Amino acid sequence: MDVKVKELMRIGDLARETGVSRRLLRYYEEQGLLRPRRLANGYREYGDTDVAAVRHIRTMLAAGLPTAVIARLLACVHDDGDRMVPSACPGMVSSLQRERRRLAETIDRLQTSQQALDTMLATVLEQRS
DNA sequence: ATTCTAACA
DNA sequence: TGTTAGTA
């Protein structure tokens, strides 16, 4: 079997691999989304598994999940050295369901706003003709 | 060259 | 998030 040698990546490398800025990568760490090793010189050391981690973070962020929730969810993923496999994590499902409801509410508010805009727009167009 | 922390025309 | 300063 091809045992994967640990690829040493510093923040600049990870930034290029993921397309995420160094600034943002450090921010993710502040939010507890990433936990890179520190070299003797203080430099952050990332592994190739972090590349996948960042992609996961991006999709979750795109899903509208707050960093606090993402941090908890990431703790529920066990890294077997090759892939990110989900592990037992109490509260994860209910947490996601709660976020889903939160999204439903914001979608609802946005639809209301859209209707209000449509009404105003209709009025303006009517006066113009 | 590259990264680090802290902070802000 | 960008950017900049002063380092290591």
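First, the ground rules. This is a predicted model, in which local features need pLDDT of at least 70 and side-chain atom pairs count only at pLDDT 80 or more, while totals for chains, interfaces and linings use all residues. Residues are numbered from 1 along each chain as its sequence is written, and chains are lettered from A and ligands numbered from 1 in the order in which they are written.

Chain A has 5 helices and 4 strands. Helices here are DSSP runs of H or I with at least four residues, strands are runs of E with at least two, and both are numbered from the N terminus. Read from the N terminus, the order is α-α-β-β-α-α-β-β-α. The radius of gyration of chain A is 21 Å, well over the 14 Å from the globule rule for 129 residues, so the chain is more spread out than a compact globule. That radius is taken over C-alpha atoms, and the rule is 2.2 Å times the number of residues to the power 0.38. Along the principal axes, the C-alpha trace spans about 70 × 35 × 30 Å.

The chain is divided into domain 1 (1-89) and domain 2 (91-129), with bounds that come from an automatic or database domain assignment. Their C-alpha centres are 33 Å apart. The contact between them takes 7 residues from domain 1 and 5 residues from domain 2, where contact means C-beta atoms, placed from the backbone, within 7 Å.

Now burial. Buried residues are 11% of the 129 in chain A. A residue is buried with 20 or more other C-beta atoms within 10 Å of its own, exposed with 12 or fewer, and partly exposed in between, the C-beta atoms being placed from the backbone.

Which residues form the largest nonpolar core? There are 12: L14, L25, Y28, L33, L34, Y46, A53, V54, I57, L65, I70 and L73. Such a core is a set of buried Ala, Val, Leu, Ile, Met, Phe, Trp, Tyr and Cys residues joined through C-beta atoms within 7 Å. Helices α2, α3 (48-62) and α4 (67-74) each supply at least two residues of this core, and α3 gives the most, with 3. Leaving aside neighbours within four places in sequence, I57 is in contact with Y28, L33 and I70.

Next, the DNA. Around DNA strand C are S21, R23, L24 and Y27.

Last, two residues. R26 sits in helix α2 and is partly exposed, with 14 other C-beta atoms within 10 Å. E17 lies in helix α1 and is also partly exposed, with 16 C-beta neighbours inside 10 Å. E17 and V51 are 34 residues apart in sequence and 6.9 Å apart in space, C-alpha to C-alpha.

Note on methods
Near = placed C-beta within 6 Å. Contact = placed C-beta atoms within 7 Å.
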